[in-house]
Amino acid sequence: MSTRAKELLVVGIVLLFCIIAYLGKVYGWVDTVVFSPMVSMIVVGIIILGLVFVLIRTLQGRLINRQVVFLFVGIAVIMPFFMSITQKIRTSPEVQQLYDAVAELPKGSKVLVSFDYDPPSAPELQPMAEAFLYYCLSNDLKVIIMGLWPQGAQQANLALEAIMKNEKLAAKGLEYGKDYVNLGYQAGNEFVIQRMGADFSSMFRTDYSGRHYEELELVKNVKNFSNIDYSFNLSAGYPGTQEWVQVAVDRYGLKMGCGNTAVQAPMMYTYLNAGQLVGLLGGMNGAAEFEQLVKYPGKGTKFMLSQSFAHMIVIAFIIIGNVAFFRSGRGKKL
Amino acid sequence: MEHVALWVAAFLTLGIISFLYKDNPWYKLCEAIFVGISAGYWFIVLFWDNIVGKFWVGVFPPKELNDVGELVNSVEPDYWLIVGAVLGVLMLMRLIPNIGWISRWPLAFIIGCTSGLYLINYFSSNMMRQVQGTIMPLLGMNYELSTYDIIGNIIIVIGTFTGLIYFYFSKEHKGWFGRAAKVGIWTIMITFGASFGYTVMSRMSLLIGRVDFLFGDWLGLIN
Amino acid sequence: MNLQLVIRSRLFVGLAQVCFFLFLLVNLGPLAFAQDEPVPTQLVDSTPLNPPTNIEVADTPNDAGGSITIRWTEPIPPEGTAIKGYYILRAEAVGNEQGQFDVVGETSTGSSELLDGNVVDTLNYYYRVAVIYSATGVNGLEVEALAESGISRMVSSSAQWFDWRRINVFVGVIFLCGFILYYISRAKAGKKLFIRKIAGLEAVDEAVGRATEMGKKIYFIPGTQDMDNVQTIAGVTILGRVAEVAATYDTYLEVPVSRSLVLVTAKEIVKEAYSKVGRPDAFHEDQVHYLTDDQFGYAAGIDGMVVREKPATIFFMGAFYAESLILAETGNSIGAIQIAGTAMPSQLPFFVAACDYTLIGEELFAASAYLAREPKLLGSLKGQDVGKAIILFSIVIGVLLETFGVWRFSSLFGVLD
Amino acid sequence: MRREVPLLITGIVGVVFVLQYFIPHWPFSQVNTWFSDWFSIVGAFAIWLGALNLLKISALKVIGKKSDWGYAIVIIISFIIMVAIGFAEGKEFREQGTMFSWLYEYVYSPLSATMFALLAFFVASASYRAFRARNLDATLLLMAGFLIMLGRVPVGDSISFFLPENYQFSQVASWIMTWPQTAGQRAIMIGIALGLVSTSLRIILGIERAHLGGGD
């Protein structure tokens with residue numbers, strides 16, 4: 001059989017599997033799959049055996065293909081979804097700091113939340129957004145939402161939709177315009193922040209749904225940052241936390257915490273140390289820790305098992321690569 | 001429609017993932033769609049948000065009438081915005097070979113804006129404030145700090161100090177200066193290591209997000 | 001008195017002001033404006049309630065106008081009551097009379113200051129402060145009572161011509177810019193300025209040479225940010241040099257870009273580099289071309305091109321985000337020599353790992369100076385180094401002074417705290 | 001005209017932008033508003049150039065029947081579809097239920113997100129093939145990366161259960177992030193800031209002219 005035929009065969013099999021699974025979902029033949037602890041152990045065992053095999057091959061001086069590495073990563077990320085292992089999540093100081101900063105706000109304080117990310121970064125930031133909004137709204141803090149990224153406002157609406165399903169929040173009968181508002185997206189990057197320092201309403205003439213700024217009870221008396229008690233910025237790049245710190249914090253004295261994709265988070269520790277930020281959630285781990293603190297277990301917590309597996313795989317590959325490197329003589333390039 | 005949507009999204013997701021096996025027609029198709037769609041997406045977003053949303057609405061503010069036909073919320077037109085539009089049109093002059101040079105004017109404006117903004121923002125937030133953060137009483141204001149924090153403070157001061165020495169270009173890295181620069185680059189390497197760890201975390205999270213889509217939203221195998 | 005002394009004395013005046021405002025701002029309570037509900041006026045009993053005293057009103061300094069600061073002395077609450085907060089009442093001046101007083105702000109307990117940001121510069125105002133006392137009544141319910149202060153003096157707001165809180169930034173910027181300009185002029189005057197070697201840059205000729213030997217292309221990726229990013233500008237400066245070398249060696253240089261402004265600029269720069277070495281004919285318009293603005297669309301595009309065309313050398317110079325890893329790993333997989341330079345801290349580890357040479361952070365900016373060997377760039381690098389020396393010196397002195405409790409040296413570097 | 005005017009524009013705009021930080025008084029308080037609006041508008045016009053260039057390159061590919069010209073057609077078609085729908089749907093193009101938002105949600109988003117996700121694989125492959133403890137620098141980088149990766153997931157503490165609570169991986173990771181990492185990050189940050197200030201200054205004063213096309 002030619003390579004091409006084999007490839008097509010594999011694609012065909014995968015497609016067939018997907019169609020069956022999909023029809024199973026639609027017609028309810030197949031329920032969600034959960035491994036028993038025994039099966040989970042076997043899967044883990046197989047992955048470890050596979051890694052040992054890779055180690056042996058590498059020691060023999062034959063680097064395995066990129067594709068095999070990819071396969072390992074795929075398996076390590078997918079399999080934990082079917083396992084039910086609970087893990088203990090410990091809170092890091094910067095997450096605790098964010099929690100404390102929000103917890104000590106008096107009821108009715110105004111919190112500005114800026115959604116500066118788009119769907120591709122949602123796996124990390126959406127759980128933070130949900131947990132943060134949940135905590136604010138369930139503690140009677142007033143939430144003002146905005147976005148410097150075009151898709152930010154939609155992400156905010158998705159997060160609101162998700163948390164409103166929570167019984168505790170639903171029972172509160174929260175009212176749009178009074179307890180929370182979504183001012184929507186505004187183009188102009190850091191210039192938007194700068195102009196908000198003088199006047200919010202000049203940047204947001206209307207909210208997300210087109211209601212006038214003055215008609216929204218929550219914000220009609222909010223002139224600029226001096227009326228905001230705390231601010232939380234969810235950021236996946238530019239414009240994001242750095243711009244908020246440079247303009248809103250350092251020019252207008254806004255008190256701010258942030259949730260960042262893990263890529264950006266290390267840089268924020270400098271701002272944290274200098275007191276420019278009060279609290280930081282870094283990546284999925286930060287989201288999971290915050291979810292634990294506010295007792296709103298969501299996707300962050302759910303994904304942590306896959307995250308653990310994925311990290312272990314990467315570490316294993318670094319070790320394997322380096323063991324082989326040192327065995328074969330340091331100078332020789334593999 | 002929802003079925004179509006899920007299958008389209010899954011088709012495209014798997015198409016991109018198929019690049020991991022090798023460069024193939026499926027991937028190239030998805031890539032081409034992506035390049036076209038994303039260029040179109042930004043084109044439209046900037047058109048409606050900036051050209052229409054900022055310029056047009058600013059210069060010709062919509063007249064809002066209430067139920068009885070009275071004018072409410074009338075906004076004064078802002079004719080200054082026309083300058084922006086003129087600059088924008090000058091930008092397009094690049095398309096006409098003979099007067100293409102005039103597109104340098106708006107370009108000069110853009111660069112002037114960001115240079116001015118960066119000069120101040122980076123000077124105050126990323127330099128002054130960071131130096132301020134580094135200059136601290138090592139033992140605390142009232143000598144109250146624990147050993148843990150004192151060691152931490154010393155690491156911050158020494159790390160920042162030597163790190164800056166690495167970025168000092170006017171002196172060859174020799175003698176005590178060279179040794180300090182060495183300590184500096186070690187600190188920077190630890191920083192990079194931390195960045196590396198965090199980036200791995202970030203990437204894995206995104207992959208987990210896609211897996212959640214494929215096996216959860218699409219195939220419904222996981223909860 | 002020489003100029004330096006003048007500046008220094010102004011610095012201390014500014015510092016005093018900065019400290020004052022520090023105090024001011026720390027004491028700022030949360031602000032809230034114009035509540036709809038009327039001021040409650042019933043009294044608990046006949047206990048005399050002390051009103052706030054010493055009402056001071058003044059234009060908020062260092063602002064663009066439209067704001068008045070009100071300060072008062074907290075009264076001592078009678079036994080059994082507590083201060084719950086304050087209402088700030090304001091009236092417009094009509095001639096010499098006061099108009100109607102309305103609540104314009106509310107603060108919680110413990111504060112003795114409020115900023116009223118809803119005033120008009122051309123009008124005059126009067127203020128009163130009402131303290132809200134609360135006590136537990138006979139029936140166990142909380143009862144409130146108000147005690148209003150006297151009327152303040154007449155006040156109006158105005159805009160200022162200098163923000164004195166920023167005097168230290170001002171002095172800093174002036175000094176740093178001064179150093180840079182001074183060294184540029186020195187360099188222009190022919191003074192030789194020493195710059196240490198930067199490893200990644202020495203390798204440019206070698207990398208281009210290798211591409212020539214192999215008869216393959218060179219790719220230059222100027223990052224995914226726009227011309228408004230200074231890193232992109234440093235990147236295209238280096239592009240100028242790379243293009244010159246490539247034109248000299250007669251190696252095909254391809255520059256895919258992701259921003260239309262970068263396209264415009266990069267094209268001009270490459271064209272000019274080709275003319276400079278006398279090969280204007282070798283320049284093709286499509287050598288520099290646009291892919292898409294989207295970072296991943298761009299990464300995907302380049303990824304495909306790299307796999308298909310297998311360039312011998314790839315340069316990454318500019319601002320990069322997440323796409324850096326896709327780009328560098330793919331380049332690594334086809335065995336290209338890769339030279340990277342970026343000031344994006346989050347992307348540097350991968351460039352360090354996957355590229356042969358990496359310009360770390362400021363080295364990117366030093367690179368344009370180093371390559372061009374132009375006096376102005378060398379001079380400004382030197383100026384920055386003086387800035388760095390001052391910072392290094394300040395850190396040592398400052399940490400010593402503060403550790404031994406002599407002086408809060410770090411307040412010199414504060415920016416609006 | 002071709003060189004002086006742009007230099008003058010850059011200089012004036014830059015200086016005004018710096019001054020408005022120190023001068024709260026009108027007109028400097030207003031200038032910021034004007035400039036930021038103009039900036040956004042010019043940016044929106046600039047993308048026309050980019051889009052036209054993309055179309056031109058793709059079209060040339062199709063006409064010249066260069067390799068993969070079929071995909072160039074796909075690029076053109078998908079661009080035109082997205083733009084046509086975006087124009088047709090008007091200002092509300094982004095609202096739920098429009099064709100544009102459908103394309104965004106089910107075509108653009110998955111493509112973009114999966115591109116991101118691909119990085120997870122590349123990161124693993126780079127770890128295996130490229131990350132070597134070649135020297136002290138690289139070793140430090142690796143060790144730090146290692147500890148952070150272990151410490152930032154719950155499994156790290158499970159592995160180091162035998163250590164005292166305060167020395168388990170999550171605590172070690174927090175320690176690295178809070179102290180040495182911050183120090184290094186800060187040195188880089190200050191360095192970059194100085195570089196940016198000096199480059200900005202040169203541009204504003206017209207000493208740096210590369211962005212206007214080459215040297216002097």
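I started with chain C against chain D: the contact (heavy atoms within 4.5 Å) takes 61 residues from chain C and 59 residues from chain D. Before going on, I note that this is a predicted model, where local features need pLDDT of at least 70, side-chain atom pairs count only at pLDDT 80 or more, and totals for chains, interfaces and linings use all residues. Residues are numbered from 1 along each chain as its sequence is written, chains are lettered from A and ligands numbered from 1 in the order written, and side-chain values use heavy atoms, with hydrogens and water left out.

Next I looked up the buried area, meaning the accessible area (1.4 Å probe) that two parts lose on being put together, summed over both. Chain C and chain D bury about 5100 Å² between them, with 73% of that on carbon and sulfur atoms.

I checked for salt bridges (a side-chain nitrogen of Lys or Arg within 4 Å of a carboxyl oxygen of Asp or Glu) and got 0 between chain C and chain D. For polar contacts I got 6 residue pairs, both residues at pLDDT 80 or more. That term means a pair of N or O atoms within 3.5 Å; within protein, one must be able to donate a hydrogen and the other to accept it, and residues adjacent in sequence count only if both atoms are side-chain atoms.

Which helix gives the most to the side of chain C that touches chain D? It is α6(C), with 8 residues. Helices (H or I, at least four residues) and strands (E, at least two) are DSSP runs, numbered from the N terminus. By class, this side of chain C has 35 nonpolar, 11 polar and 15 charged residues. Here Ala, Val, Leu, Ile, Met, Phe, Trp, Tyr, Cys and Pro are nonpolar, Asp, Glu, Lys and Arg charged, and the others, Gly among them, polar.

Then the sheet in chain C. I found an open sheet of 6 strands, parallel, in the order β11-β10-β9-β12-β13-β14; strands pair if DSSP finds at least two bridges between them. β11 (288-290) and β14 (357-360) of chain C are the edge strands. Helix α6 (residues 260-276) of chain C packs on this sheet, touching β9, β10 and β11 of chain C.

Last, chain B against chain D. I read 111 residues from chain B and 103 residues from chain D in the contact, burying about 10700 Å². The salt bridge count is 0 here, and 10 residue pairs are in polar contact. α2(B) gives the most to chain B's side, with 29 residues.

Note on methods:
Axes are lines fitted to C-alpha atoms, for helices over the stretch in contact, and angles run from 0 to 180 degrees between N-to-C directions.
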